[in-house]
Each structure stands twice: as C-alpha cells, then as structure tokens.
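Subject: Structure for your files

Hello,

Here is the structure I said I would pass on. Please keep it next to these notes as you read.

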Amino acid sequence: AMGNVELIPLCRVEVGFGEMIDTGTGPHGRRIIGETATLAVTGERLAGEMAGKAAADWLLVGADGATGTVDVREAVRTHDGALIYMRYQGRLDVSTIPSGPPFFVSGLFETGDERYVWLNHVVAVGRGVFRPDFSGLDYDFYELADA
C-alpha cells in the first residue's frame, strides 16, 4: 500500500512581473524569460523578499504551442537576514493565461544559514494563480511530509 503524504503550509510567494524577453522558437521550443520585478514571501516559517536582481522564469513553450515548462530561480533575503536560493519547476497550459486554472510546481531550496538548513531537505509543491491584470502571479507553497 502507498503511504500517505501531508502538505504542511510553508509560505506564500507573490511575484510581480518585470520585462518579458521572448527569444523566439529555438531548438527546445519558444523561450520566454519573464523577469521578476518584485518578490514577497510571507509565512510563519519562511518570510522575506527578493535578494538582488537575478530572478526570472525561463519559461519554455513546447512545440504544441500550449505546454509551458516553468523554470524559476530566485534568491530570497529572509526577514531575519538569511539568504536562500529557491528554484521551482512545473507545467502549465499557456493557452489559458492569465484567466485559466491554477497550475503546479515543485520547489527546492539551498542555504548555508544555520537557522534555515532544514529547508535544504524540503521538497515543496506550489499552486500558482495568475493575477487577473497579469501584473504577476501568486503561489502557495507546501512542504511535502510523510503523514
């Protein structure tokens, strides 16, 4: 029998869009680099904001023109000064943006800050929803745990 999995609330991630850089269709599909202008992370266990400017979604749209592969990398400076690298990947139907259903991603973290080393062992899942005005999108992230 399969074991049960629990979803433990981790944080909310609010992403404000910056420039969209469409490099066209290349060998892997159509690449659209969506820069992150603002990043707000809120939650009891993880909270902070964007560190630096190197944050974006290296979105790849497949040959079918609809299957988008989300590939986000960003650095978070927590409210108490820790620096955490966060990356998450997933899939969405780009033909439904921005009013379509929620989409899902999986996330990993890296940090050397002793207060947050527990994050190095977390696999998270996120539920993403575009804002109606397409100014950004919001994710609710959950830690996967054995129930």
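Below is what was found in it, from the whole chain down to single residues.

This is a predicted model, in which local features need pLDDT of at least 70 and side-chain atom pairs count only at pLDDT 80 or more, while totals for chains, interfaces and linings use all residues. Residues are numbered from 1 along each chain as its sequence is written, and side-chain values use heavy atoms, with hydrogens and water left out.

Whole chain

The chain contains nine strands and zero helices, so the order of elements from the N terminus is β-β-β-β-β-β-β-β-β, where helices (H or I, at least four residues) and strands (E, at least two) are DSSP runs numbered from the N terminus. The C-alpha trace spans about 45 × 40 × 30 Å along its principal axes.

Of the 147 residues, 39% are buried (buried means under 20% relative accessible area, exposed over 50%, partly exposed in between, with a 1.4 Å probe and protein chains only). Among contacts with a separation of 6 or more, 54% join residues 24 or more positions apart; contact means heavy atoms within 4.5 Å. The accessible surface is about 8200 Å², and carbon and sulfur atoms account for 55% of that (Shrake-Rupley method with a 1.4 Å probe; for residues, only the protein chains shown count as cover).

There are 12 positive and 21 negative side chains, and the centres of the two sets are 3 Å apart. Lys and Arg count as positive and Asp and Glu as negative, with His and the chain ends not counted; the place of a charge is NZ of Lys, CZ of Arg, CG of Asp or CD of Glu.

Nonpolar core

The largest nonpolar core has 32 residues, and Val13, Tyr88, Phe109, Tyr139 and Phe141 have the most contacts inside it. At least two residues of this core come from each of strands E1 (5-26), E2 (29-42), E4 (56-61), E5 (67-78), E6 (83-93), E7, E8 and E9 (136-146). A nonpolar core here is a set of buried Ala, Val, Leu, Ile, Met, Phe, Trp, Tyr and Cys residues joined through side-chain atoms within 4.5 Å. In soluble globular proteins, nonpolar side chains tend to be buried together.

Leaving aside neighbours within four places in sequence, Tyr88 is in contact with Val13, Val15, Val70, Asp71, Val72, Glu74, Val105, Ser106, Gly107, Tyr139 and Phe141.

Two leucines in loops

Leu119 lies in the loop between E7 (103-110) and E8 (124-130), and counts as buried because its relative accessibility is 0%. Beyond four places in sequence, Leu119 touches Leu10, Leu46, Ile84 and Phe109. Its C-alpha atom is 34 Å from that of Thr23, 96 residues away along the chain.

Leu46 is in the loop between E2 and E3 (48-50) and is buried, at 3% relative accessible area. With neighbours within four places left aside, the contacts of Leu46 are Leu10, Cys11, Val41, Thr78, Ile84, Phe109, Tyr116 and Leu119. Leu46 and Val72 are 26 residues apart in sequence and 18 Å apart, C-alpha to C-alpha.

Two strand positions

Gly18 lies in E1 and is partly exposed, with a relative accessible area of 31%. Not counting residues up to four places away, Gly18 touches Glu35, Thr36 and Ala37. The C-alpha atoms of Gly18 and Thr36 are 5.1 Å apart, at a distance of 18 residues along the chain.

Val125, in E8, is partly exposed at 25%. Its contacts, leaving aside neighbours within four places, are Leu7, Val105, Ser106, Asp140, Phe141, Tyr142 and Leu144. The C-alpha atoms of Val125 and Asp71, 54 residues apart along the chain, are separated by 14 Å.

Backbone points to check on screen

The peptide bond from Ile97 to Pro98 is cis, with omega near 0°, and Pro98 is in the loop between E6 and E7. Phe134 has a positive phi of about 60° although it is not a glycine. Phe134 is in the loop between E8 and E9 and counts as partly exposed, at 36% relative accessibility.

Regards
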